[in-house]
Amino acid sequence: MEIWYSLVDHLFPFTWAQHIFMKNALMAVLLVGPMFAIIGTMIVNNNMAFYSDTIGHSALTGIAIGVLLGFGDPLWIMVIFSIVLALIISSLKFLTTASTDTIIGSVSAAMVALGIVILSRGGGFAKYSRFLIGDLLSITPNELLILSIAFGGVILLWGFMFNKFLLVSVNMSLARSRGIPVHLVEILFCVAAAVIVTISIQWVGILIINSFLILPAAAARNITKNIRQYHVVAVIITIASGITGLLFSYYLATATGATIVLIAALFYLLTFIWKPRFF
Amino acid sequence: MPCSNAIQKQQTKACGLCCTHLEDFGVSIGRTEILRDINLHIHCGELMAVIGPNGAGKTTLLKAILGEIPHTGWLRFLDASNCQARKPIVGYVPQKIDFDAGAPVSVLDLFSAALSSWPVCLGHSRRLQERTEASLLRVRADHLLKRRLGDLSGGELQRVLLALALEPKPDLLLMDEPVSGIDVQGREMFYDMVSDLRRNYDLSIILVSHDLALVSQYAERVVLLNKTVICDGTPEDVFSNGQINLAYGPFYIENTGGKRAYAKKGGGAIA
């Protein structure tokens with residue numbers, strides 16, 4: 001961490017960069033940004049925006065379970081819970097003929113309600129509201145380490161599985177005819193997305209985490225023609241909106257996560273306007 | 001074309017010796033028996049069309065051969081060179097696939113994803129790009145290399161999928177209504193290409209189609225399927241057989257006017 005701090009001092013000789021919490025937050029943005037960009041592109045390709053939204057919202061129930069079991073830091077319970085939920089949702093998709101939207105919508109509503117009911121017992125919900133909005137500035141070096149490990153895991157997973165994810169996202173029966181175990185690949189992707197969303201949730205916030213996942217990818221696909229451009233542009237947009245949002249939130253004293261998402265939304269709007277000229 | 005020429009071509013290109021066997025092939029899902037007692041030999045260089053009414057199990061047959069759904073009986077491929085039975089390499093051209101037309105996936109991306117394990121998001125190797133170009137050239141679609149899948153026309157997309165199904169070179173090529181919903185020109189171009197491939201490569205083709213006119217024009221063998229093989233022979237044999245009237249009923253009689261429709265090459269497209 002010391003190396004990082006001195007590097008930031010070197011690169012950004014500004015007042016905002018002198019605070020340790022800003023240095024930590026900057027590093028978090030640089031870790032979460034690319035990770036969200038590459039997962040987000042795949043989520044958008046798979047039309048899974050609603051799914052990732054559900055995973056985000058269900059974190060409330062994960063927190064609640066953690067609290068019930070008496071854990072001070074509910075992170076691990078949340079992660080395990082999100083994996084279980086991802087497994088349930090992805091297998092429900094294959095087992096029933098009901099529309100995926102309906103299934104996911106029902107699960108989402110039930111999980112949010114359950115989480116609120118447990119957490120609000122005795123009127124103590126207010127102390128969990130930090131999860132709703134998220135607090136990027138409170139991130140600690142230990143938590144940064146967890147994020148780095150998650151980032152490494154995503155890179156590794158993408159290195160091995162990206163092409164399979166891509167084929168499945170283009171068309172399942174085509175992927176199946178090329179010998180890809182479609183169900184397994186889908187489940188793996190659902191679990192990976194769930195873990196990343198859950199790990200990042202306390203810094204980005206339950207309410208807006210999905211927007212941060214979806215917006216850069218949605219903006220990137222407006223102005224790109226192949227997979228490489230798509231990823232490069234999405235990563236650039238997340239990092240750019242992350243850093244700009246961090247600075248704005250520092251000077252305007254606003255919630256960091258929401259400010260970042262707002263900038264990302266601006267990027268989306270710009271690419272949307274630019275789109276007709278691009279094609 | 002003189003006979004000897006044709007035979008020679010068959011021998012040099014498609015050997016006609018290797019073949020795919022289906023023996024006592026059947027499919028049941030739950031307690032419902034969808035297909036039973038299917039025995040077929042398909043030689044390489046042969047285009048076999050499978051026809052039959054809706055719900056006859058045509059698509060199920062293809063899925064079972066692909067291994068998507070379990071089957072009873074045996075599927076064997078006999079290699080002419082070493083007389084060894086093995087599982088065939090199967091290529092598959094799906095019906096018009098539905099995918100997200102807005103996704104920035106280029107034709108090259110699709111090929112790279114299917115043919116290599118190097119993550120496509122990091123770019124393509126020179127070698128793979130050349131291989132893709134060569135394989136697109138085979139279906140006269142090399143100009144589509146950098147185009148997005150969503151920007152292709154129906155006919156172009158099917159040609160791209162055909163090229164993809166030929167990589168790696170299959171022993172058996174399955175096509176499920178590959179050109180339904182595509183205009184007459186696109187359809188004829190597609191089938192001309194398929195005929196070329198069949199002549200020039202050692203592969204057998206199973207084609208599922210409702211388009212009896214095109215079937216009679218391009219297939220040398222037609223199988224009428226309804227739960228099992230009802231009728232198997234040349235288009236002339238099958239279309240003149242009384243069974244087809246039972247299977248297709250008034251549909252066939254009304255739309256083709258009996259035997260004449262298939263004799264008239266390329267005559268009236270039948271949906």
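In which helix of chain B does Arg199(B) lie? Select Arg199(B), and you land in helix H6 (residues 184–200) of chain B. Helices here are DSSP runs of H or I with at least four residues, strands are runs of E with at least two, and both are numbered from the N terminus.

Before going on, note that this is a predicted model, in which local features need pLDDT of at least 70, side-chain atom pairs count only at pLDDT 80 or more, and totals for chains, interfaces and linings use all residues. Residues are numbered from 1 along each chain as its sequence is written, while chains are lettered from A and ligands numbered from 1 in the order in which they are written.

**Stop 1: around Arg199(B)**

Stay on Arg199(B). It counts as partly exposed, because it has 14 C-beta neighbours inside 10 Å.

**Stop 2: strand E8 of chain B**

Select residues 204–208 of chain B, which form strand E8. Five of the five residues are buried, so the strand is largely enclosed by the rest of the structure. Check both faces. Ser204(B), Ile206(B) and Val208(B) cover one side, and Ile205(B) and Leu207(B) the other; all are buried.

Next, show the neighbours of E8(B). Strands pair if DSSP finds at least two bridges between them. Strand E3 (residues 47–51) of chain B runs parallel to E8(B), joined by four bridges. Look for Ala49(B), whose bridge partner is Leu207(B). Strand E7 (residues 172–176) of chain B also pairs with E8(B) in the parallel sense, over five bridges. There, Leu174(B) stands opposite Ile206(B).

Keep E7(B) and E8(B) on screen and bring back H6(B). Together they make a right-handed β-α-β unit. Right-handed means that, with the strands pointing away from you, the path from the first strand over the helix to the second runs clockwise.

**Stop 3: a hairpin in chain B**

Select strand E1 (residues 19–29) and strand E2 (residues 32–43) of chain B. They run antiparallel, with eight bridges between them. Ser28(B) stands opposite Glu33(B). Two residues separate the strands of this hairpin, and Gly30(B) in the turn has a positive phi of about 60°.

**Stop 4: chain A**

Switch to chain A. Colour by secondary structure: you get twelve helices and zero strands. The C-alpha trace spans about 55 × 55 × 35 Å along its principal axes. Of the 279 residues, 48% are buried.

Zoom to helix H2 (residues 20–45) of chain A. Its 26 residues reach 37 Å from first C-alpha to last, close to the 38 Å expected at 1.5 Å a residue. (The expected span is 1.5 Å times one less than the number of residues.) H2(A) is mostly covered, with 23 of its 26 residues buried. After H2(A) comes Asn47(A), with a positive phi near 55°.

**Last stop: where the chains touch**

Show both chains. The contact takes 23 residues from chain B and 24 residues from chain A. Residues are in contact if their C-beta atoms, placed from the backbone, lie within 7 Å. On the chain B side, helix H3 (residues 107–115) gives the largest share, four residues.

Key. Two residues are in contact if their C-beta atoms, placed from the backbone, lie within 7 Å. A residue is buried if 20 or more other C-beta atoms lie within 10 Å of its own, exposed if 12 or fewer, and partly exposed in between; C-beta atoms are placed from the backbone.
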